[in-house]
Amino acid sequence: MNCIILDDEPLALLKLAEYIKQIPFLTLEKACMETGEAHTLLEKKHIDLLFTDIDMPDMNGIEFIRSLTHPPMVIITTVYPSFAIDGFKLNAIDYLLKPFELEDCLRAAEKAQKMKSLNKQAPVPASSDDTHTLFVKSDYKVVRIDVDSIKYIESMSEYVRIYIEGKEKPVITLNSLQKLEARLPSHFIRVHRSYIVNLQKITEISRLRIRFDDKKLIPIGENYKEKVMNYITRYGML
């Protein structure tokens with residue numbers, strides 16, 4: 001895997017570069033001390049993995065990752081444990097607290113290698129009108145979901161919860177309802193700014209609320225009411 005380092009501390013940069021040279025499946029393309037240099041390289045070359053510090057003089061590592069249109073896999077390296085949650089939100093592969101050893105770096109790199117392998121084996125379908133499978137990233141894994149088993153999807157800030165028949169806990173993934181709606185079949189409808197439902201799984205609709213077998217009630221937003229009623233009328237459900 002091609003990788004780059006972003007760190008403004010020369011000694012930390014050299015140490016991590018030495019670690020990477022000892023990991024056979026990593027190729028170090030560049031060790032950068034400025035975000036601008038790293039950004040230029042990411043635009044010109046295909047980079048699989050970015051090792052980045054948080055505390056940078058011009059733009060911190062979190063802001064830099066967010067600024068990228070197509071960010072590579074990321075391993076955060078820092079002395080600050082308080083940024084771990086931000087790293088999780090960005091789907092960072094790992095979070096290495098300085099000072100760390102070669103074994104720590106190798107463990108994180110192996111996670112990235114595994115993620116790359118999974119992504120190759122499980123590409124995301126371009127359209128789901130002709131497929132019954134959905135692949136999403138969750139907890140550093142690519143999870144396969146049978147679309148027909150989905151009951152509803154709930155938005156929670158930058159993440160979504162996908163509720164599946166027969167599963168007690170939802171699958172949580174970094175995504176948006178808008179993107180998922182475009183990938184789902186026509187019987188999945190946005191009924192609220194926070195919900196997409198599978199209308200083939202509902203038990204009843206009453207007073208602008210959708211009920212499922214598990215008694216879960218989902219509101220129908222005022223802006224979505226006409227769309228939902230048109231679908232139900234079209235398929236003879238009224």
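Tutor: The open sheet consists of five strands in the order 2-1-3-4-5, with parallel pairing; strands pair if DSSP finds at least two bridges between them. Strands here are DSSP runs of E with at least two residues, helices are runs of H or I with at least four, and both are numbered from the N terminus. Strand 2 (27-32) and strand 5 (94-97) are the edges, and each has a single partner strand, so one side of each lacks a neighbour in the sheet. From one strand to the next, the twist averages 20°, where axes are lines fitted to C-alpha atoms, for helices over the stretch in contact, and angles run from 0 to 180 degrees between N-to-C directions. Strand 4 and strand 5 run parallel and are joined by four bridges; Ile 75, for example, has Asp 94 in strand 5 as its bridge partner.

This is a predicted model, in which local features need pLDDT of at least 70 and side-chain atom pairs count only at pLDDT 80 or more, while totals for chains, interfaces and linings use all residues. Residues are numbered from 1 along each chain as its sequence is written, and side-chain values use heavy atoms, without hydrogens and water.

Helix 1 lies across strand 1, strand 2, strand 3 and strand 4, and runs at about 165° to strand 1. The largest nonpolar core has 24 residues, and Leu 16, Leu 26, Leu 49 and Phe 51 have the most contacts inside it. Such a core is a set of buried Ala, Val, Leu, Ile, Met, Phe, Trp, Tyr and Cys residues joined through side-chain atoms within 4.5 Å; buried means under 20% relative accessible area and exposed over 50%, with partly exposed in between (1.4 Å probe, protein chains only). At least two residues of this core come from each of strand 1 (2-6), helix 1 (10-21), strand 3 (49-53), strand 4 (73-78) and helix 5 (102-121). Residues up to four places away in sequence aside, Leu 26 touches Met 1, Cys 3, Ile 20, Leu 49, Phe 51 and Ala 109, contact being heavy atoms within 4.5 Å.

Helix 2 (residues 35-44) has Thr 35, Ala 38, Leu 41 and Leu 42 as its buried residues. These cover an arc of only 125° around the axis and therefore lie on the same side of helix 2; the arc is that of the directions from the helix axis to the C-beta atoms. They pack against strand 1, strand 2 and helix 3 (61-67), whereas Glu 43 and Lys 44, on the other side of helix 2, are exposed.
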